[in-house]
Amino acid sequence: MSATKRILVVVTNVGEYEKAGMRTGLWLGELTHFWDHAERAGFSLDIASPSGGMIPIDPESLAHDVLAELGTERRYRDRRFMNLLDDTRKVADVDVEDYDAIYLTGGHGVMFDFPRSDDLESLVARFHESGRVVSAVCHGPCGLLNVTLSNGEPLVRDRDVTGFSWPEEEAAGRDDAVPYSLQEELKRLGAHYSVAGRPFEAHVVEDDRLITGQNPGSARGVAEAVVRRLQPA
């Protein structure tokens with residue numbers, strides 16, 4: 001595999017909880033924190049989504065204190081950058097050979113469309129089996145739940161992973177709105193799930209070319225781990 005210096009970022013198309021009716025979408029900082037670090041390291045990034053087109057943003061991720069974290073507000077005020085979310089490409093149209101890594105962002109919307117996208121599952125499997133890096137943060141690892149490798153095994157079986165925890169769902173007041181516990185689903189598939197010492201504490205888990213982060217505060221750490229994997233000393 002020849003290096004491309006390009007990373008594919010996958011985001012959700014879902015803008016509201018199916019039953020609760022509350023608004024959701026991409027958690028903006030999980031895109032910008034990763035993007036900023038990878039771009040500074042010399043990588044170019046492209047955005048795709050299961051259905052393509054316009055990307056909704058979780059309004060809670062636009063709160064003043066959240067925007068203040070790691071330069072997210074600067075990106076939010078950058079119209080050229082935000083326009084990238086106006087018309088994303090479909091994951092079905094992505095050529096794996098164009099990228100070194102894939103990164104699955106979070107926001108609660110991904111819990112609905114990521115696990116239901118056969119195209120995304122196939123794409124992630126191809127990234128992994130071709131020796132590329134697969135990474136995800138927060139709720140993004142739900143895009144790994146239905147990924148089956150060519151040997152018939154789930155991608156996450158016997159792998160060290162993390163993702164948004166149930167205590168964090170409860171603390172955020174989402175326990176009555178989310179369709180399942182990501183934490184429990186990863187364990188059910190045989191993954192070795194670990195959690196930070198405190199809710200919302202940054203936590204990144206690396207298992208060879210599979211890199212996962214627990215919550216929004218872990219997005220920068222995931223980017224750092226991906227860059228290290230792609231640019232070994």
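# Spaces, cores and burial

User: What is the volume of the largest pocket?

Analyst: About 310 Å³ is the volume of the largest pocket. This is a predicted model, in which local features need pLDDT of at least 70, side-chain atom pairs count only at pLDDT 80 or more, and totals for chains, interfaces and linings use all residues. Residues are numbered from 1 along each chain as its sequence is written, and side-chain values use heavy atoms, with hydrogens and water left out.

User: What makes a space a pocket, and what makes it a cavity?

Analyst: Both come from a 1 Å grid over the protein atoms alone. A cavity is a set of points where a 1.4 Å probe fits but cannot get out. A pocket is an open set with protein on both sides within 12 Å along at least five of seven lines. Volume is the space filled by probe spheres set on the points, which are joined across faces, edges and corners.

User: How many cavities of 30 Å³ or more are counted, and which residues line the largest?

Analyst: One cavity of 30 Å³ or more is counted. About 40 Å³ of space lies in the largest cavity. Its lining is Trp27, Gly29, His33, Val66, Glu69, Thr72, Pro216 and Gly217. Three of these are nonpolar, four polar and one charged.

User: Is Thr72 called buried or exposed, and why?

Analyst: Buried means under 20% relative accessible area, exposed over 50%, and partly exposed in between (1.4 Å probe, protein chains only). Thr72 has 1%, so Thr72 is buried. Thr72 sits in helix α3, residues 72-76. Leaving out residues up to four places away in sequence, Thr72 touches Leu28, Gly29, Thr32, His33, Val66 and Leu67. Contact here means heavy atoms within 4.5 Å.

User: What makes a set of residues a nonpolar core, and which members of the largest core touch the most others?

Analyst: A nonpolar core is a set of buried Ala, Val, Leu, Ile, Met, Phe, Trp, Tyr and Cys residues joined through side-chain atoms within 4.5 Å. The largest has 39 residues, and Leu8, Ile102, Leu104 and Val124 touch the most other members. Elements giving two or more residues to this core are β1 (6-10), β4 (101-104), α5 (110-113), α6 (118-129), β5 (133-137) and α8 (182-188). Helix α6 gives the largest share, five residues. Another core lies apart, with 31 residues, among them Val11, Phe34, Val133 and Ala223.

User: What does Leu104 contact beyond its sequence neighbours within four places?

Analyst: Its contacts are Val10, Phe114, Leu120, Val124, Ser135, Ala136, Val137, Gly140, Gly143 and Leu144.

User: How do you know whether the radius of gyration agrees with a compact globule?

Analyst: The rule is 2.2 Å times the number of residues to the power 0.38, with the radius taken over C-alpha atoms. For 233 residues a compact globule would be near 17 Å; the protein has 16 Å, which agrees. The C-alpha trace spans about 40 × 40 × 35 Å along its principal axes. Of the 233 residues, 55% count as buried.

Note on methods:
On a 1 Å grid over the protein atoms alone, a cavity is a set of points where a 1.4 Å probe fits but cannot get out, and a pocket is an open set with protein on both sides within 12 Å along at least five of seven lines; lining residues have an atom within 4 Å of a point. Helices (H or I, at least four residues) and strands (E, at least two) are DSSP runs, numbered from the N terminus. Ala, Val, Leu, Ile, Met, Phe, Trp, Tyr, Cys and Pro count as nonpolar, Asp, Glu, Lys and Arg as charged, and the others, Gly among them, as polar.
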